[in-house]
Amino acid sequence: MEQIKEIFQKEHDEQRQGEATMIESPIANDHARKLYIESYGCAMNFADSEVVAAIMLEMGFQTTADHKEADVIFVNTCSIRENAEQRIRKRLTDFRSQKITKPGTIVGVLGCMAERLKAKFMEEEKLVDLVIGPDAYRDLPVLLSQIDGGQKAINVLLSREETYADITPIRLNTNGVNAFVSIMRGCDNMCSFCVVPFTRGRERSRSANSIINEVTELFESGYREVVLLGQNVDSYKWVNESTNEVVNFAKLLAMVAQVNPLIRVRFSTSHPKDITDEVLQTIADHANICNSIHLPVQSGSTSVLDRMNRNYSREWYLNRIDAIRRIIPGCAISTDIITGFCGETDEEFNDTLSMMHYVKFNYAYQFSYSERPGTPAAKKMKDDIDEQTKARRLDQVIALQRGHSLEKLKEFVGQIHEVLIEGFSKKSTNDFAGKNDQNAVVVFPADNRFKKGDYVKVLIETCTSATLIGKIINE
Ligand code: 5AD
Ligand code: SF4
């Protein structure tokens, strides 16, 4: 699932979990029912919660950041690994107890776990009142009225068309600078380890016009960075029916970049088998398309990649890396790595380490393999690498990557970078924080000539393991 990443960097369940999402309701109304949403997993889930918020606001709901005062509690869930599901299940159990202290509270499970476990949540476990899959959010008004009528409610139908193109998301927890824009839904790839094709259904692309409209509105309301989201953005394809023009991902990127040179464009996630030189050239040609690509490798071994059904070899991946280096010199590359996939030998694992040495990723999300029920790997292969070996290999990958990440950050020291200010740093209002083009976090002393949403030139003076530190050098 080539999923997404602090804006990027926070999206996997390990990085970003259980954030309460506050909606600022336009009009305060003491009698409005209150909604609390908590989101887990990938950026796509966080973006979906913003669509759900828009639908609920339309129904007259207001939101709250305190689940204890909520009339409706929604948990937007992730199934990608078993430990994600376990954490969410525990959280749902906590919320169920609120039905005793505050009778009438409605608890709903949204997203991938809802899709995977369907009625089980309600029937066997009696955990929730509402189960709704990722393609069914338009049905919320109907389902909530069923609950008000004393029934339980479920809709887990997947769709071949739904893209929520016409719903303007209500931005949650927003800094007013960065926003996610969903450009497609679902995935047709069937990587053997991955549950996403089963929980999010078939791939479909959203109309380019609606994407451009959303980005334009974001820019006009002050946003300065969009992250285009899809499970596999490189297979984006939309045909303009009035002109017959085919818009592929490269064309879409160029269209979004042209909305305004002051808006930065990022995207996630790319697929090694599909990322084209045309996309790379489009990035190189537009100063506001960021030089940062998330290209999940999963494994450095061709035989493991075959078993994963990734549809590329080690050589193919290396060829894509070389193309990125040639066409976009200085482009940051991040990745996802899985250790201990079915049958992974020491030799195959060493191929992953040597791949890491070759590429020197700027950043990596690292996971040990977690078998997901119903996936091709669960059906056809044995999860035969013991937990100790998986963990030991994961530790090796993490240690190696830590060194590479630091080395990559050190390369920036002494350089001048353009940084988009996202706000004050987490630690102090004396400092601003933002990102450079390559998606690295930069912290520097605040300067009252500038505010969030502004671009500044920063001389990078030093770094920690995850952050660049510098000072503004604008005259
Ligand atoms: N086990 C471990 N990691 C997984 N991922 C997806 N499915 C699994 C699984 N069953 C990882 C992949 C993917 C990222 C979002 O999560 O690396 O790219
Ligand atoms: Fe990504 Fe493969 Fe899962 Fe699709 S099937 S979401 S490409 S890991």
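## The loop holding Asn439

Asn439 sits in the loop between strand 19 and strand 20. Helices (H or I, at least four residues) and strands (E, at least two) are DSSP runs, numbered from the N terminus. The phi of Asn439 is positive, about 75°, although Asn439 is not a glycine. Most residues other than glycine have a negative phi, and most peptide bonds are trans. Asn439 counts as buried because its relative accessibility is 7%. Buried means under 20% relative accessible area, exposed means over 50%, and partly exposed lies in between (1.4 Å probe, protein chains only).

This is a predicted model: local features need pLDDT of at least 70, side-chain atom pairs count only at pLDDT 80 or more, and totals for chains, interfaces and linings use all residues. Residues are numbered from 1 along each chain as its sequence is written, chains are lettered from A and ligands numbered from 1 in the order in which they are written, and side-chain values use heavy atoms, with hydrogens and water left out.

With a relative accessible area of 28%, Lys360 is partly exposed.

Which two residues does a cis peptide bond join? They are Ser268 and Thr269, and omega is about 15°. Thr269 belongs to the loop between strand 14 and helix 9.

## The barrel

Five strands close into a barrel, in the order 18-19-20-22-21, with mixed pairing. Two strands pair if DSSP finds at least two bridges between them. From one strand to the next, the twist averages 50°. Such angles run from 0 to 180 degrees between N-to-C directions; axes are lines fitted to C-alpha atoms, for helices over the stretch in contact.

Strand 18 (residues 416-424) runs antiparallel to strand 21 (residues 455-463), and five bridges join them. Here His417 has Val458 of strand 21 as its bridge partner. Strand 18 is also antiparallel to strand 19 (residues 431-435), through four bridges. Gly423 is bridged to Ala433 in strand 19. A hairpin of six residues joins strand 18 to strand 19. Strand 20 (residues 441-445) and strand 22 (residues 467-472) pair in the parallel sense over three bridges. In this pair, Val441 stands opposite Thr467 of strand 22.

## Helix 14 and helix 12

Helix 14 lies across strand 18, strand 21 and strand 22, at about 120° to strand 21. Helix 14 (residues 387-412) also packs with helix 12 (residues 346-359), at an angle of about 10° and with axes 10 Å apart. That makes the two helices roughly parallel. Angles under 35 degrees count as roughly parallel, over 145 as roughly antiparallel, 65 to 115 as roughly perpendicular, and the rest as oblique.

Helix 12 brings Asp346, Phe349, Leu353, Met356 and His357 to the contact, and helix 14 brings Arg393, Gln396, Val397, Leu400, Gln401 and His404. Contact means heavy atoms within 4.5 Å. By class, these residues are five nonpolar, four polar and two charged. Ala, Val, Leu, Ile, Met, Phe, Trp, Tyr, Cys and Pro count as nonpolar, Asp, Glu, Lys and Arg as charged, and the others, Gly among them, as polar.

## Helix 8 and helix 9

The axes of helix 8 (residues 249-257) and helix 9 (residues 277-285) come within 8 Å and cross at roughly 15°. These helices are therefore roughly parallel to each other. In their contact, Phe249, Ala250, Lys251, Leu253 and Ala254 of helix 8 meet Glu278, Val279, Thr282 and Ile283 of helix 9. The classes are six nonpolar, one polar and two charged.

Three strands form an open sheet in the order 8-11-14, with parallel pairing. Strand 8 (178-182) and strand 14 (264-268) are at the edges, each with a single partner strand, so one side of each has no neighbour in the sheet. Neighbouring strands are turned by 25° against each other on average, direction ignored.

Five bridges pair strand 8 with strand 11 (residues 225-229) in the parallel sense. Ala179 stands opposite Val226 in strand 11. Helix 1 (residues 43-58) packs on this sheet and touches strand 8 and strand 11. The direction of helix 1 makes about 90° with that of strand 8.
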